[in-house]
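Visitor: I would like to learn how to read the inside of a protein model, step by step. Could we take one feature at a time, with the general idea before the case?

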Amino acid sequence: NGSPMAFVPLPVPCPACAAGHANVAGLPKAVGSHWRRKVQLGVTLAFCLRAQQAQHAARRLTRKAEGALAPQRSVQLDQDGRHWEALVSRIGPPLPNGEKRLSTAEAWRCGAGKLRVVCHEASSITSMALRGQSLCFGTSSGRLRVVDLRSGAKVGEYFVGSHMPSPISLLHFDEAGELLVAGDLRGRLHAWKSKFPGSWGYTPHPDISFVDEDGCAHSSAVTGLILSEDMMISSSCDGTVSFWSLQDDDEVIYPASSTRFLGVPLCLCAGGSSQVFVGFKDGSVRKVVMTDGKCADSMALPPAESGAVTALAFQAETLIVGFEDGQVKILRQGRDALIAKPFHSSNVQELKMLSDDLFVSSASDGRVAVWSLNTGSPLWGFRGLSRAEPEDLEPVNARSISMAVDSEKLLFSGLVINPVTPANTIFINDWRESRSVFDEVAPACEAILCMDFGDFDETA
């Protein structure tokens with residue numbers, strides 16, 4: 001009846017894959033061409049199927065390799081089946097056995113505080129400031145967030161509307177705790193009055209902006225910030241140190257005076273009522289005194305071989321200097337300089353005074369330590385915190401660890417939950433990059449840790 005099904009083709013070896021296909025050579029021309037098209041389509045589909053199977057096999061191997069490289073996640077810690085991991089550990093002598101009740105000072109010296117997580121943040125935390133039970137931290141996205149230390153709840157959020165946000169480099173409350181000032185890596189300085197809005201409230205406009213004649217506080221990154229009752233001092237890697245009056249209640253404040261140095265200022269610390277210590281990239285420290293609206297400076301420490309001065313702290317005629325190579329030096333008036341015992345391996349990012357004999361440091365090597373000022377020795381600390389990448393080791397870049405302290409609390413960032421792996425990206429959510437299954441079961445974020453010491457005091 002002319003139908004192709006009326007013919008029974010004989011199988012012959014296929015020159016392409018040696019499989020037995022139908023022999024259509026003896027069929028009528030029209031019918032043979034019909035079967036030839038069918039055979040060619042079948043061979044093409046077979047090759048496509050094999051290629052697709054190979055792709056699926058390669059993907060399975062890739063997922064298996066990613067799973068092997070990802071951190072071991074054997075315990076599910078929430079109802080959604082997600083896992084949480086961190087690589088932070090304590091370093092130091094063993095803790096007391098707990099039979100003797102410790103005072104707050106004793107707990108500080110041996111590190112016998114109560115460690116807890118305050119809150120989590122999806123962006124990288126670059127700076128912190130503490131006032132009472134309110135903790136404010138700046139992020140790499142340019143936002144400021146205020147959380148309550150007791151509950152960890154967010155009580156305020158601040159930012160400057162811009163299509164080019166810049167990481168917050170420094171945060172400070174004034175002495176009264178009524179003003180919060182933030183400096184960023186673009187050289188901008190803004191302030192918000194500490195009347196926090198309700199939960200999840202947003203404040204997109206600062207209450208006060210600090211500008212010079214060019215319309216910005218500094219032309220480069222803000223590297224130092226000091227606040228007193230009626231004065232603010234800022235430094236920038238553009239070489240300037242500026243003094244700002246806080247007595248006027250204006251929305252825009254211009255510098256009362258400014259001085260420019262040949263070197264690059266990287267840090268500031270107050271040295272008394274009218275003097276400021278400035279650390280420079282060449283390893284020197286200069287003392288700046290402001291009298292009658294004029295600035296006079298003198299050399300406090302000549303350039304050192306340890307590299308740039310990246311952190312400063314001052315109390316009771318004692319100046320502590322942190323360097324780019326991790327060295328810590330203690331300078332006392334009338335005494336020889338004391339070089340602290342080696343502990344940090346890269347630039348010291350922050351130094352904070354705790355008491356007459358204790359201070360705390362953080363560095364880009366992922367370590368935080370509490371030191372004895374008299375002996376220059378670290379007493380205890382933490383390691384495994386966020387480390388700066390090689391391209392971020394420049395002192396003017398944002399910090400990898402931020403700190404805030406008072407007499408009863410030590411707070412620090414850098415606790416990376418579920419560290420970065422080939423299957424688990426951290427702080428980067430780019431829609432152009434494909435996501436794997438591990439991004440869902442192991443979300444990455446950064447946490448703020450708080451070490452409480454106040455509960456150890458017998459009078460508390």
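Visitor: Which residues of the largest nonpolar core touch the most other members?

Guide: In soluble globular proteins, nonpolar side chains tend to be buried together. In this model, which is predicted, the largest nonpolar core has 20 residues, and those touching the most other members are Trp108, Val368, Trp380, Leu410, Phe412 and Phe453. At least two residues of this core come from each of α2 (104-110), β27 (358-363), β28 (368-372), β29 (377-383), β31 (409-417) and β32 (445-452).

Visitor: Which residues do ring pairs link into a cluster?

Guide: Ring pairs join Trp108, Trp380, Phe382, Phe412 and Phe453 into a cluster, and of these, Trp108, Trp380, Phe412 and Phe453 were also named among the core residues that touch the most other members.

Visitor: How many aromatic pairs are there in the whole structure, and how should I read one of them?

Guide: The search finds 10 aromatic pairs, and for each one we ask how far apart the ring centres lie and how the planes are turned, where an angle over 60 degrees counts as edge-to-face, one under 30 as stacked, and the rest as tilted. Take Tyr158 and Trp192, whose ring centres are 5.8 Å apart with the planes at 50 degrees, so this pair is tilted. Because Tyr158 belongs to strand β8 (residues 154-158) and Trp192 to strand β11 (residues 189-193), the pair ties together parts that are 34 residues apart in sequence.

Visitor: Are Tyr158 and Trp192 buried or exposed?

Guide: Tyr158 has a relative accessibility of 2% and therefore counts as buried, and Trp192, at 3%, counts as buried too. For another pair, consider Phe261 and Phe280, with ring centres 5.2 Å apart and planes at 70 degrees, which means that the pair is edge-to-face. Phe261 sits in the loop between β17 (257-260) and β18 (265-270), while Phe280 is in strand β19 (residues 275-280), so parts 19 residues apart in sequence are tied together. Both Phe261 and Phe280 are buried.

Visitor: What lies over the face of Phe343?

Guide: A ring can also have a charged group over its face, and here Arg367 lies over Phe343, at 4.9 Å from the ring centre.

Visitor: Where is Ser209 placed, and which side chain does its own side chain contact?

Guide: Ser209 is in strand β12 (residues 208-210), and its side chain makes a polar contact of 3.3 Å with the side chain of His190. With a relative accessibility of 18%, Ser209 counts as buried, because the cut-off is under 20%.

Terms used:
Residues numbered from 1 in each chain as written. Predicted model: local features only at pLDDT ≥ 70, side-chain atom pairs only at ≥ 80, totals over all residues. Heavy atoms only, no water. Phe/Tyr/Trp six-rings, centres within 6.5 Å; stacked < 30°, edge-to-face > 60°. Helix = DSSP H or I, 4+ residues; strand = E, 2+ residues; numbered from the N terminus. Buried < 20%, exposed > 50% of the residue type's maximum accessible area, 1.4 Å probe, protein only. Lys NZ or Arg CZ within 6 Å of the ring centre and 35° of its normal. Core = buried A, V, L, I, M, F, W, Y, C linked by side-chain atoms within 4.5 Å. Polar contact = N/O pair within 3.5 Å; in protein donor to acceptor, adjacent residues only side chain to side chain.
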